[in-house]
Amino acid sequence: MITKTLVAAIIGRPNVGKSTLTNAVAGEKIAIVTPKPQTTRHRIRAVANRGETQFVFVDTPGYHTPKTKLGEYMVKTVRESVQGVDVVVMMIENGREDDELPNIAKRGKTPVVLVINKIDTLERVDSLLPIIAKYSEFEHIIPISAKTGEGVEELLSVLAQFAQDGGALFPDGMTSDQDDLVVVGELVREKLLMCLNQEIPHGTAVEVTKFSERDTTAGEPVIDVDVTIYCERDTHKRIIIGKKGEMIKRIGELSRKDIERFMGTKVFLQTWVKVKEGWRDHSTALRDFGYVSEP
Ligand SMILES: Nc1nc2c(ncn2[C@@H]2O[C@H](COP(=O)(O)OP(=O)(O)OP(=O)(O)O)[C@@H](O)[C@H]2O)c(=O)[nH]1
Ligand SMILES: [Mg+2]
């Protein structure tokens, strides 16, 4: 039975591995992960129970200097996420330091745990020492590899000391606060980030317009999923579709396989590509795509 809960917000620069840690803790893929910075756009909660403690990890977008209204929304999400949690996990990447982040992490009286990620890329363990020395003001410094899982359970045991007495915040078996429809859209956006270069994928948004289950004539369950991919320019649309539609076909196939894995059923996926010029700077478009602050 759960008798203690702990809510931890993970903050850090883009690409340091926040979503990878979120997934590692939850034991399944909840947040999309790509080698490109600024992958995560909204707050995602992941739940993991260990013994009598329920851990709720709040994954946030990478902290950066915003250039668009979407970027402003992402940064605002980070600032809001550090409020009202039991502990802030400030993540930096092995070898890269950060001067600005501690100011965001240390607002208010919330305890901060510093996590140094990607230690699997270290050639020598003692190369961590200068980083640890630089951040010596932090009482808790935990080196981890979110990718291999090294140090993750140790991190949980350090965080456990900040847990509060109380019953579970999320029911048994629930690993995320995300709607299936949101995850499906995110899985498609992940493939856009994987397959397209430079600014193009950052200017895309995915809307799921149909999500309905039915039985095939052979009596097998199948989910019909329609998605519309929005991009910022006509030239981008042409690249997303590709020569003879090859690119969109590849994106569609990769997405379908991942959605099938996530839903546990066969999926019939149809994709459309539309242009919504400069949508990242339009408040109404941001609202339509769900990039609005939670109440
Ligand atoms: N070698 C190594 N790579 C990692 C580790 N953790 C994450 N990565 C890789 O780093 C890249 C970024 O990971 P994400 O989890 O998407 O990073 P993020 O901090 O959520 O990024 P944003 O959402 O853009 O802020 C991916 O290619 C991951 O596979 C790690 O412990 N070791
Ligand atoms: Mg992320």
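Helix 1 (residues 18–26) contributes the most to the shell around ligand 1, supplying three residues; helices here are DSSP runs of H or I with at least four residues, strands are runs of E with at least two, and both are numbered from the N terminus. In total, 24 residues surround ligand 1, with Gly17, Ser19, Thr40, Gly62 and Lys147 the closest; a residue is near a molecule if its C-beta atom, placed from the backbone, lies within 6 Å of it. The shell comprises seven nonpolar, 13 polar and four charged residues, where Ala, Val, Leu, Ile, Met, Phe, Trp, Tyr, Cys and Pro count as nonpolar, Asp, Glu, Lys and Arg as charged, and the others, Gly among them, as polar.

A word on the model is in order. The model is predicted, with local features requiring pLDDT of at least 70 and side-chain atom pairs counted only at pLDDT 80 or more, while totals for chains, interfaces and linings use all residues. Residues are numbered from 1 along each chain as its sequence is written, and chains are lettered from A and ligands numbered from 1 in the order in which they are written.

The chain is divided into domain 1 (4–165) and domain 2 (180–288), with bounds from an automatic or database domain assignment. The C-alpha centres of these domains are 28 Å apart. Nine residues of domain 1 are in contact with twelve of domain 2, contact being defined by C-beta atoms, placed from the backbone, within 7 Å. On the domain 1 side, the touching residues are three nonpolar, four polar and two charged.

Turning to the sheet, three strands form an open arrangement in the order 8-9-10, with mixed pairing; two strands pair if DSSP finds at least two bridges between them. Strand 8 (205–215) and strand 10 (266–275) are the edge strands, each pairing on one side only. From one strand to the next, the twist averages 15°; axes are lines fitted to C-alpha atoms, for helices over the stretch in contact, and angles run from 0 to 180 degrees between N-to-C directions.

Strand 8 and strand 9 run antiparallel and are joined by ten bridges, with phenylalanine 211 opposite valine 225 in strand 9. Their hairpin has five residues between the strands, and glycine 219 there adopts a positive phi near 85°. Strand 9 (residues 221–231) runs parallel to strand 10, again through ten bridges; aspartate 226 has glutamine 270 of strand 10 as its bridge partner.

Helix 7 (residues 234–241) lies across strand 9 and strand 10, at about 155° to strand 10.

Definitions and conventions: Two residues are in contact if their C-beta atoms, placed from the backbone, lie within 7 Å.
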